[in-house]
Amino acid sequence: MRNNKCQYLILFMLIWLVMGIQSVCVKAQDNSSKSSLTNIVLDPYGNPVSNVEIGIKGSDIKTFTKINGTFDLDYKVGDILTYSHKNFMYSESKVSKKDVKEGIQIHLQEKSIKNPSNVPEPYGEIIDKNSYLGSASTIYTDQLTKTMGSTVIPAMVGRISGLNIIQTRGARLHYTSANYNADLAGLIPVFGRRVYSDNSEFSLNARGQAPIVIVDGIQREFYSLDPEAIESISLQKDALSSMFLGMQSSRGALIITTKKPTQGAMNISFTGRYGITTPLQLPKPLNSYQYTYLLNEALTNDGKLPIYSYEDFEKYRSGNSPYTHPDVNWFDELLNNNASTQSYNLNVSGGNNVAQYYVSLGYMNEDGLFITSSKNPYNTNLNYQRYLITSKINVKVTRDFTTNIMLVGRIEDGNQPGGNGSGYADLLNTIFTTPNSAYPITNPDGSWGGNISFTNNLMSQTINSGYIKDNARDILGTVNLNYDFDKLIKGLSIQAIGSITTQSRSATFRTKRSQVFAYKLDSEGNPVYTMYSTPSPQINSFSSVGNYQDMYGQLAINYDRKFGLHGIKASVKGDTRTILNNYDLPEIPSNVMANLSYDFNNKYFVQSTLTESYYNRYATGKRWGTFYAFGLGWDLSKEAFMKSVTWIDQFKLRGIYGLTGNGITNSGYYIWSQTYSYHGAAWYPLGTSQSSGFFTTENQPIANPNITWEKAHKTNVGLDLSLFNSKIQFTADYYNDNYFDLLQSRGKSIELIGASYPDENIGKARWYGGELSLTYQDNISKFNYYITGNWNIVQSKILFMDEQEQPYNYLYQTGKPVGAIFGLVTNGFLSADDIANGYPVIQGFKNIQPGDVKYEDKNGDDVIDEFDRTVIGGNKPLSFFGIDLGVQYNGFEFSMMWQGVYNRDIYLSDRNFTEGFLQINQHYGQAYEHMLNRWIPENAENATLPRLSAGSNNYNYGNGWGTSLWLKSGNFIRLKNINIAYNLPESFTRSYLGNLRVKIFATGQNLFTMSATNLVDPEVSFTNYPIQRNINFGVNVKF
Amino acid sequence: MLNSNIIMKSKQNIWMIPIVGIVLLFFVACTDSYESFPVEQFTKDYVFSKTDSMGVQARNFLNSLYGMLDNGHNGVGGDYLDAASDDAISIKQNEPDVYKLAVGQYSANNRISSTMGWGKYYEAIRKANIIIKNIDAVPFKLTFVNINGEVKPLNYTIKAEARFLRAYFYFELVKRYGGVPLLGDSIYNLEDNMEIPRNSFADCIDYMVRELDTIKYDLRSVTMPDPSVYAHAATIEAAMALKSRILLYAASPLFNEKPITTDNNAQKLLIGYESYDIERWKKAADAAKYFIDTFGPTGKKTVDLAKNQMGVFLSFYSTTANPELIFFRQGGMDKSVETNNGPLGFSGNSLGNGRTNPTQNLVDAFLMKDGKPRGESTLYPYDPQKPYDNRDPRLGLTILYNGANWLGRVLETYRGGANNPTGTGEYTKTSYYMRKFMGNFANATEYSNNYHHWVILRYTEILLNYAEALNEYLPAPSQDVYNAIISLRKRAGIPAGSDKLYGLKANMTKEEMRKVIQNERRIEMAFEEQRYWDIRRWRIAEDIFKTPLKGMNIIKTLSGLNYSEVDVLTANFEEKQYLYPIPYSEVIKNRNMVQNPKW
């Protein structure tokens, strides 16, 4: 824990800052309280709330707050005041003596499911929700901050309709590989590598596409943000709302908007939380006795010589010869049962009507599970720390001219054990594959254990191989200028945005390697130590991993005016980016777009956007593309015939059609022109001098002079329903997206050409499905409650992929869903009778025995071959859902959130897990407890696995064609989140804690999982860092 | 581009539109001082530069073509290709590629890519064609002198080397598949129709031979000028040696006398000649004789047998110490062969992984000390309990057996011995390890670096080619046939004997001599990727693999060591396996592509 000195310092500084600001704040409060009695209602951030209905319980007296949040009411000590408002939770307060003397000040809590009147837009445009025709799903701070994580992605799981998130890894990958090859001729850059994403743990998918992330208007792979600093995250899936992405509009946009400055007295909010994480579902390895017994069985099955004698078994069973017959559970030895994680955030905002500010400071620290040694003066554990500073200032320079300035600074520090020099993922992989009996951790003389096959001791790799550090530093600055030309032309304004982003990543390797010794007793019983592998001393190498620079500029002319019942909005926008990534030539994507919207009385809506998009890495003359979308909307509830139906607030039908594109990231690096390159690395030594011998080669694949972006015709129709004064909100969407010009390899990619074919714009696929979301929130007196849920279905179909002739129809992929899994169908295990009767088998295998997998001879030709493959999974319409429900009563809050997926298939492909006993040099690898259920003659009926084999058995592995034996249902439902919180009563805190408002809370994440398969975690694949349960406690203080 | 109609509505401010438009376009068009196409990505004009009289990049391009040559050292999924013949097996337990080859565990769709190259040879042919087509653009001032003493610019020899390598890669295809599509000098593009049919076997042989004959005077000869740069380059000797090999294969039973049977007429001419012609043996014999007469000890003396057989694989670049080398693939200076194949039971810098386990079949093929086959020598009777005593010296140079000296120790390859351990998954299944290609480490303390180049053509093969072809052509072996074998035995250290026949029987019949030549080829060229192809072209693989391959099982008892033979691998060989299957996808995608018989 020595590495945490600095974090205590930071904690101290944060607290100091809070105290300091508080004293200033209290002073300010004192100065301002000289005015006469004022009653005011505020939102959680200190902004006055208008139009709150205030009553005195038990009477008919009622009043509403004014625009500045104040209200006048005759009350006396002991009265109970009630507060109701559409967007805030119902609450009551008891009038105290202090209230009568000083006036009432109350903070209302926002409803759990916020329903603001605007839709978040990338560049801060104000889009009225009533006129929005797209398909968007948005979550806000309160939902986000219920989850703790190093990125904001876990907070989105299950909450955003249409976004399917699967966590494939429990900890981030640390980017340490440099973007160049060390070479004879020096450092040679590797071109065309994209900037590293913040996200290496989750797969995000909306309607079959990975959405583009936009943070405050800037497109970046930027997920590692402080949830406390984020106002909203909005997924916009349709063609019209993603049209601003131009050439990338097919992918949809995930728009992250950070918090904005607020006007009024200084508001300070501090949140601190501390959590304990526990890994979920680590696999259970066989102990040494079981392992060696089964390995002997496997070897005997294969007709190989068994390795262990009965004497050996006895020693493994008794454990009394731990050096020659060890039993080391590497998971237990090298991984802790839990790790800590903590985060702190301070938000300050305020300002007058000329200038407002917002500052956020955040710190996050996440430890990994690897054990550490107190002998090291440095930390070897996996660790991630993030420092994030955001500041925003809005200034109204004149009545017509406003400027917004934002600066974000982020530092990410990673640490990981030295392992074998390449990071924790490899170390973890070795832990998963090394058997318990492989070698003792240390020998009797204290040296590291090992042998000819295992030449790098795992314990040494974990605590005695140094460490690898990585850093990422980001700076992001944006200026947004807005000039209102209302005086010249009513409704006209011009907006200019300029933004710069830089990131630099680097890594420092301080790793070393220790030699290992195989310990043996010779025939006289004397110990013999044999050394394997040479030690290497600690190195100190630095590598520059990435340097990234992004400049963005936008100029927009907006026109927004109402002519009576006719609303017109129009804008013309041009934007351009210049991206520099390491050695690459700059990427310059640019767009010019025109929007036009019209509405009649907020009842009928027409909107259209035309975008001309440019990208400089396509061939000359093929760089500009045209994309467009238009939409129609009709709010039935505004019609005269619906006027009488007062319980319907909104009944909006909407539809969008557009032509979108997916380019840029798949455009390659100038691949439209044939290039040749020079390799100093792959050299063929010349002559007797064995020198130089450099290569110049034609680059592969060969040039595709016609490369262009992929395209899609996207249609989205939807219905928005709002009932009973917005208590019920219902949204339904149906989409039908026809993708074409998908980049694929051509069917006739005949090898005689002597080169590899490039991807060409060939494929066609259809993605279609629907999304439903329903929210109900209400209160029964002081008991506020809500339930919200979303349900989604995604289907796809390959329409064209230039497939070549197949002998059987079931072998065609065309017509099947994208990602359908092909393989042999298994049908139990072969019996002796089957073999005697000539049951079809795969040709060429010499050692087919009873207990081997029985495959279905699909084409009936009495041979099992690749033509017996068929779709074994991945062909059902994927469905996923999230359910979130919660209650609030008198300051007490409870909520829970479930995530579920069904019609999902997973293929277990790791042979270490499915077969075990893989060959590792001259030994065999790990096997897991499910192996005990293998086929043996006595258990032929109930066996779930084929007979054992050592050193891999390709027959039972389906000869590489895949088998349904290892296709498992990936359906699961997880209790992602439980949140319990208590807000100290404002009357109490006002009396005893100054103006503090205090909320204490506890959150549990990944608490419970119901999974269709119990073999592995349904999300995380084998050998990846396990997903974790996180139980955390925290406090939020506002004043 | 700008849809400016939208703001046209307000007439009084039309002046704004062009201004804003210009600003927008400026934004978009604002590029900076970078090049519009990456300069570090070369164009063809740069590679074959019209201004570089040194042709630096063009020569680098040729070098990448040399880099396509296969390295046979542990080159087939980590094993020697001959570990898929009857000479050796792999130590690996988990079905290595050579195991799959031996048991026939492959199909057109599930090929063993480490040896069944198809696309990669066409990649090499494309590279060669790019050189052939473009090299003349380079204004070479460098020159070379050919074997006739003519001085020519360097592009002649670069082009000829490319054509030699192209023929070599075609031959790699032909011995695997029979006739294959010949592409001529074409470099195909994305727009070209690649549904090209196979050429007949005869066409392919003719093409390769014609090419080699055409280019021979454009190549350099040994001794190579400026060997520090060109010692690895293809020479006229290499071209003529390759021609000898090609014609020998063409005359061999698999293509000449007994091709694979097929009812399909389309296939028939692709996989061999239409009918047997003994004159093909004559052509093969003539090609070998031309080589011997022109370059051998009686001709220009550029090539001869090396004094020490093992020196061929260790002392490179010295035409005096090692005059035998004709063509090889450059490897590196390392311990890789030793580390991969050295005996188990050592560690540190003596670590060996025992990859290649020679079979008892191969050990049995080695002669007795006097050149007589095992069991037929009266001087040196064979003792099954002392199997390695009084054997052909080549045995000790090829194979490490129990009792051999290695790294200053006496090898214990009996079960449980220091070099054949129990308690791990891997142990030598035959009690043998490969010795060939390794440095002289019998008395060393640990391995050290050696050149491990892969020898492709050497003089021994030409002598064996000559002996074989001539023996097949003549009704009975002539003295020339005897002499070729005798020269090899003499070099091996076998005593001449009283009849000066070095253990050979006098007056052998053609069939007896064939057996001798085949055996001599096996032991002389073990692990050199000859045996694997020889048992195919001789059409004897189906017979050889009928019986299981043997290893030695040595048990240590109180009274000493007990030797007994054990079966180590039951291989499987069907007629169709004489040729590799053409990739299934190639047949499906190309309507003109005909698959080999029975695949």
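The model is predicted.

Chain B contains 20 helices and 14 strands. Along the principal axes, its C-alpha atoms fill a box of roughly 120 × 60 × 55 Å. Of the 599 residues in chain B, 60% are buried. Among contacts in chain B between residues at least 6 apart in sequence, 70% join residues at least 24 apart.

The two chains share an interface. On the chain A side, 94 residues are in contact with chain B, and 100 residues of chain B take part. About 8200 Å² is buried between chain A and chain B. Carbon and sulfur atoms give 62% of that area. Three residues, A:Tyr676, A:Tyr684 and A:Leu752, supply 11% of the area that chain A buries against chain B.

In one salt bridge, B:Glu195 pairs with A:Lys748, and the closest N and O atoms are 3.8 Å apart. The polar contact rule finds 35 residue pairs across the interface of chain A and chain B, with both residues at pLDDT 80 or more. Strand S29 of chain A, residues 566-581, gives the largest share of the side that touches chain B, with 8 residues. By class, that side of chain A has 47 nonpolar, 35 polar and 12 charged residues.

The nonpolar interior comes next. In soluble globular proteins, nonpolar side chains tend to be buried together. The largest nonpolar core here has 197 residues. Those with the most contacts inside this core are B:Leu101, B:Phe164, B:Phe169, B:Tyr170, B:Ile205 and B:Phe327. Helix H6 of chain B, residues 154-177, gives the most to the core, with 14 residues. B:Phe327 illustrates the packing. Beyond residues up to four places away in sequence, B:Phe327 touches B:Tyr66, B:Leu69, B:Phe164, B:Leu165, B:His232, B:Ala233, B:Ala234, B:Ala238, B:Val455, B:Ile456 and B:Leu457. A second, separate core has 68 residues, including A:Leu294, A:Trp330, A:Leu334 and A:Leu427.

Three further residues were examined. B:Tyr99 lies in helix H4 of chain B, residues 97-103. Its relative accessibility is 22%, so B:Tyr99 counts as partly exposed. Leaving aside neighbours within four places in sequence, B:Tyr99 is in contact with A:Lys846, B:Gln105 and B:Leu569. B:Tyr99 and B:Gly375 are 276 residues apart along the chain, and their C-alpha atoms are separated by 31 Å.

B:Asn134 is found in helix H5 of chain B, residues 119-134. B:Asn134 counts as buried because its relative accessibility is 15%, under the 20% limit. Not counting residues up to four places away in sequence, B:Asn134 touches B:Lys44 and B:Phe48. B:Asn134 and B:Arg591 are 457 residues apart in sequence, with 32 Å between their C-alpha atoms.

In chain A, A:Gln849 sits in the loop between helix H10 (832-836) and strand S42 (853-855). A:Gln849 has a relative accessible area of 17%, and therefore is buried. Apart from residues up to four places away in sequence, A:Gln849 touches A:Asn301, A:Asp302, A:Leu830, A:Ile835 and A:Arg947.

How values were computed. Residues numbered from 1 in each chain as written. Chains lettered and ligands numbered in written order. Heavy atoms only, no water. Contact = heavy atoms within 4.5 Å. Buried area = accessible area lost by both parts, 1.4 Å probe. Salt bridge = Lys/Arg side-chain N within 4 Å of Asp/Glu carboxyl O. Polar contact = N/O pair within 3.5 Å; in protein donor to acceptor, adjacent residues only side chain to side chain. Helix = DSSP H or I, 4+ residues; strand = E, 2+ residues; numbered from the N terminus. Nonpolar A, V, L, I, M, F, W, Y, C, P; charged D, E, K, R; others polar. Core = buried A, V, L, I, M, F, W, Y, C linked by side-chain atoms within 4.5 Å. Buried < 20%, exposed > 50% of the residue type's maximum accessible area, 1.4 Å probe, protein only.
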